[in-house]
Amino acid sequence: MQDIAALLATVPTGLWIGGEQVPASNGRTFAVHNPATGEVLVEVADASPEDGARAMDAAAAAQGSWAATPARERAEILRKAWELVIERRDDFALLMTLEMGKPLAEAQGEVNYGGEFLRWFSEEAVRINGRYTPSPSGNGRILVTKQPVGPTLAITPWNFPLAMGTRKIAPAFAAGCTMVVKPAAETPLTMLLLGQVFADAGLPAGVLSILPTSQAAALTDPMFDDARLRKITFTGSTGVGKVLLAQAATRVLRTSMELGGNAPFVVFDDADLDAAVDGAMAAKMRNTGEACTAANRIHVDNAVRTEFTAKLTARMQALKVGPGHLEGTQVGPLITEKQRSSVADLVRDAAEKGAVVTTGGNNGAGEGYFYEPTVLADVTADARILAEEVFGPVAAITGFDGEDEGIAAANNTEFGLAAYIYTKDLDRAFRVAEALESGMVGVNRGIISDVAAPFGGVKESGIGRESGSEGIEEYLEIKYIAFQ
């Protein structure tokens, strides 16, 4: 095991503006806590509105030269940053585990996944295309080109401190946009270390600013009114996303919104149940259940529901809960006491309305914010957990009869980010996947995120797509030039 104190001593704790660490303009700091113990890890600079203006100054000053930088040079910087992230895999992984709580093995997986966005978009940077055609009327020529949107504000969540940043930063840089990042107050350290990596990779000063803050709205509200800001990209709750969309509307800012999820996991009567349980464990328990793509509602055909519930309960009971950095830990703490209380309230509500707790249902042992892996069987339709994103290690199971009823149950939500189906029938797989109101569907698999595939939802789960060849388009404007 790495020396935790030695690692924390190497992590930047100032704001990242103009290619260097700087203190907050008001000199303030705030504490970053370890959710496994509640203890303070370090204090970091607490960005003020004045710091937001400084970051916008830097982004605007760098925008012209960065956009004019040859795509190949931008690509090489992204590629170098990827190499440096992988070289420091152990540092990034332990840091994420300390500030977010996820098991170390999962944190190492996130380093690989999050780093891959840097490599992927280094390759996409040199493939920004336009077109040139004669006008059908014969009286001119049509030139279509793409240009960077411009300075962008990115607001990232706490649950994937590296990947949710690189999934936004990499396409923005590949397209030629500068960016100001406001990381979640719970997990700013990973992003600050990434800022140092980009500097080491040769990123010009001003292209990236990182502003941790304990007062998010006070920092970002004035930035929405800054005429130099051209785009907002956000990952987080639908409620906050709606507020940001309303703010963006006042200046018609370009927006990318990856919002809440309420993913259904639908198991049909012909499914391989062992494979379905494996998939449910992956879809539900990845990141301790704190993922927007997590299986929130497990709909199982009543013909196999009892058997599925017993198998899933046994698997959940066997999970080892503990601090993420300890060997063998499979389930870490939740991010805060508030989040744990929210999970407990949803479980309590479901039980009071008739659900059966087959395992778990209580706070975990220890000083941190642990919650037992929990299975709720026979969840009733009026339980809040079927309508609200639980964001914790709780699997809620409900039954259905027949394909049409299963599809209707899965679509009975205002959200539409991810969905999962298990069936051996190929015709049914296509039929149901097309009928589900979701931006992403996993067929006989519980993990669907892929750097090469577009990530995003429909309905109240968001606007736009990240990753894949589609991801860079979010940072490009289309310009039509008419030639005689």
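**Exercise 1. Helix 6 against helix 7**

Task: In this predicted model, determine the handedness of the crossing where helix 6 passes helix 7. Then describe how helix 6 and helix 7 pack.

Solution. 
Step 1. The crossing of helix 6 with helix 7 is right-handed.
Step 2. Two numbers describe a packed helix pair: the angle between the axes and the distance between them.
Step 3. For helix 6 and helix 7 the angle is about 30°, and the axes lie 12 Å apart. Angles under 35 degrees count as roughly parallel, so helix 6 is roughly parallel to helix 7.
Step 4. Now the residues. Helix 6 contributes G165, T166, I169 and F173, which meet M191, L194 and F198 of helix 7. Sorted by class, this contact holds five nonpolar, two polar and no charged residues.

**Exercise 2. Helix 3 against helix 5**

Task: Find the angle at which the axes of helix 3 and helix 5 cross, and state the handedness of the crossing.

Solution. 
Step 1. The two axes, of helix 3 and helix 5, come within 7 Å and cross at roughly 165°.
Step 2. Angles over 145 degrees count as roughly antiparallel, so helix 3 and helix 5 are roughly antiparallel to each other.
Step 3. The handedness of the helix 3 and helix 5 crossing is left-handed.
Step 4. On the helix 3 side, the contact uses A75, L78, R79, A81, W82, V85 and I86. On the helix 5 side are V111, N112, G115, E116, L118, R119, F121, S122 and E123. By class, the contact has nine nonpolar, three polar and four charged residues.

**Exercise 3. Helix 5: span and buried residues**

Task: Check the span of helix 5 against 1.5 Å a residue. Then list its buried residues and the elements they pack against.

Solution. 
Step 1. Helix 5 covers residues 104-124, which is 21 residues.
Step 2. At 1.5 Å a residue the helix should span 30 Å; the end C-alpha atoms of helix 5 are 30 Å apart, so the two values agree.
Step 3. Buried in helix 5 are A107, E110, V111, Y113, G114, G115, F117, L118, W120, F121, S122 and E124.
Step 4. These buried residues of helix 5 pack against helix 3 (71-87), helix 4 (89-100), helix 6 (163-175) and helix 7 (189-200).

**Exercise 4. Helix 10 and A280**

Solution. 
Step 1. The buried residues of helix 10 are L273, A276, V277, G279, A280, M281, A283, K284 and M285. Their packing partners are helix 5, strand 12 (263-267), strand 13, helix 11, strand 16 (394-400) and strand 17 (418-422).
Step 2. Leaving out residues up to four places away in sequence, A280 touches F265, M285, F308 and L312.
Step 3. Sequence and space can also be set side by side. A280 and G241 are 39 residues apart in sequence and 28 Å apart in space, C-alpha to C-alpha.

**Exercise 5. Two residues with positive phi**

Task: Locate T288 and N444, and state the phi of T288 and of N444.

Solution. 
Step 1. Most residues other than glycine have a negative phi.
Step 2. Phi of T288 is near 60°, a positive value in a residue other than glycine. Phi of N444 is also positive, near 60°.
Step 3. T288 belongs to the loop between helix 10 and strand 13. N444 is in the loop between strand 18 (440-443) and strand 19 (462-463).
Step 4. T288 has 2% relative accessibility, so T288 counts as buried. N444 has 38%, so N444 counts as partly exposed.

How values were computed: Residues are numbered from 1 along each chain as its sequence is written. This is a predicted model: local features need pLDDT of at least 70, side-chain atom pairs count only at pLDDT 80 or more; totals for chains, interfaces and linings use all residues. Side-chain values use heavy atoms; hydrogens and water are left out. Helices (H or I, at least four residues) and strands (E, at least two) are DSSP runs, numbered from the N terminus. The expected span of a helix is 1.5 Å times one less than its number of residues. Buried means under 20% relative accessible area, exposed over 50%, partly exposed in between (1.4 Å probe, protein chains only). Contact means heavy atoms within 4.5 Å. Axes are lines fitted to C-alpha atoms, for helices over the stretch in contact, and angles run from 0 to 180 degrees between N-to-C directions. Angles under 35 degrees count as roughly parallel, over 145 as roughly antiparallel, 65 to 115 as roughly perpendicular and the rest as oblique. A crossing is left-handed if the near helix is turned anticlockwise from the far one by less than a right angle, and right-handed if clockwise. Ala, Val, Leu, Ile, Met, Phe, Trp, Tyr, Cys and Pro count as nonpolar, Asp, Glu, Lys and Arg as charged, and the others, Gly among them, as polar.
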